[in-house]
Each structure stands twice: as C-alpha cells, then as structure tokens.
Amino acid sequence: MTVTAGPDDRALLLDHDRRFFDALMAADVAGLDSLLADDFVLVAVNDGAIATRADLLDLVSSGTLRFPAVESFPDEAVVRRIGDVGVVVGRTGMSFTGADGTAFTSGSRYTHVFAADSGTGWRLLSAQGTEIKPGS
C-alpha cells in the first residue's frame, strides 16, 4: 500500500498545517476552533503535558499561552494519506510563553494527524512535538 500523499492532498494538508500555526501566532481562537477536531489532543513539546481542544482554546483566548513565532519548513515535511486520515511530520522553530510566564524557544519535529471532514476538508485530531536538542 502506498501511503505518500498525492500532490493535491499534500498541498491541502500542508495548508491546514500552516493555518494551524498562523492561528496560534495570531491568537485566532475562531480559526483554531474551525481547524481542531472536537476530540483534539495536543502533547506539548516542552514538557509532554496533554492539552485538550478546550484547554488549548482557553489558554490561547486568555493570552496565557502565546506563540510569538512559529517557523515551519513545509518542503521538508513528510505527508501521508491513508483513507480519511492525513499525517504531517514536519519541523519547526518556535517560541512561546507558557501558562507560568516562562518563555521557551525550541526547534522541534512534530506529528499532526488530520481526519477528513466533509464540512471543512480536514480537522486536526492530534498534535505532538518533540524538541530537537542542540547537536542532534
């Protein structure tokens, strides 16, 4: 079975990926609301904490969690589609400020899992980041 996404699926999934990062940087809660699946789960890059959709929307809307910068590298992304599931494995450079006020800057590899949705195209089900340690 070939699971590499075709050019159209790759473009659509990378567009949704970019829209997620753009919404985080802009603190665009309505944008995030439209992108995230109802049962979305995020595993944080800095500490492995789990945040639900409601948690993330609350943190972003309150300004408790801020993403001043997220740089992604879509040309490096591995994008796959298996039926109604799309997976993007990519790399970012990001800075964010956590709930405790601590600023964090990191390079990371991430996995985003999307589900096809007849109304919106794709919804982000899960996001997990892993910090790239210096020298790795």
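**Fold, strand pairing and ring contacts in a predicted model**

Along the sequence, the protein chain follows the pattern α-α-β-β-α-β-β-β-β-β. This amounts to three helices and seven strands. The model is a predicted one. The radius of gyration of the protein chain is 14 Å, and the globule rule gives 14 Å for 136 residues. The chain is therefore as compact as a globular protein of that length. Along the principal axes, the C-alpha atoms fill a box of roughly 45 × 40 × 20 Å.

Surface and contacts were examined next. Of the 136 residues in the protein chain, 38% are buried. The accessible surface comes to about 7200 Å². Carbon and sulfur atoms account for 54% of that surface. Contacts between residues at least 6 apart in sequence were also considered. Among these, 56% join residues at least 24 apart.

Strand 7 takes part in two pairings described here. Strand 7 covers residues 121–131, and strand 1 covers residues 36–43. These two strands run parallel and are joined by four bridges. Leu36 has Leu124 in strand 7 as its bridge partner. Strand 6, residues 103–117, also pairs with strand 7, but here the strands run antiparallel. Ten bridges join strand 6 to strand 7. In one of them, Tyr110 is partnered by Gly129 of strand 7. Strand 6 and strand 7 form a hairpin, with three residues between them.

Aromatic rings were then compared. A pair of rings is described by the distance of the centres and the angle of the planes. The structure holds three aromatic pairs. In one of them, the ring centres of Phe20 and Phe21 are 5.7 Å apart. Their planes meet at 50°, so the pair is tilted. Phe20 and Phe21 are both buried. Phe21 also pairs with Tyr110. This pair is edge-to-face, with 5.4 Å from centre to centre and 85° between the planes. The pair links distant parts of the chain. Phe21 belongs to helix 1 (residues 7–26), while Tyr110 belongs to strand 6, 89 residues apart. Like Phe21, Tyr110 is buried. Ring pairs link Phe20, Phe21, Phe40 and Tyr110 into a cluster.

Another kind of ring contact involves a charge. The charged end of Arg91 sits over the ring of Phe73. The distance to the ring centre is 3.7 Å.

Two further positions were examined for their surroundings. Ser34 lies in helix 2 (residues 29–35). Its relative accessible area is 33%, so Ser34 counts as partly exposed. Leaving aside residues up to four places away in sequence, Ser34 touches Arg19, Thr120 and Arg123. Ser34 and Arg123 are 89 residues apart along the chain, yet their C-alpha atoms are separated by 7.8 Å.

Gly83 lies in the loop between strand 4 (78–82) and strand 5 (85–97). Its relative accessibility is 52%, so Gly83 counts as exposed. Gly83 and Gln128 are 45 residues apart along the chain. Their C-alpha atoms are separated by 21 Å.

Definitions and conventions:
Residues numbered from 1 in each chain as written. Predicted model: local features only at pLDDT ≥ 70, side-chain atom pairs only at ≥ 80, totals over all residues. Heavy atoms only, no water. Pairing = 2+ DSSP bridges. Phe/Tyr/Trp six-rings, centres within 6.5 Å; stacked < 30°, edge-to-face > 60°. Buried < 20%, exposed > 50% of the residue type's maximum accessible area, 1.4 Å probe, protein only. Lys NZ or Arg CZ within 6 Å of the ring centre and 35° of its normal. Rg over C-alpha atoms; globule rule 2.2 N^0.38 Å. Contact = heavy atoms within 4.5 Å. Areas by Shrake-Rupley, 256 points an atom, 1.4 Å probe, with all protein chains shown as cover.
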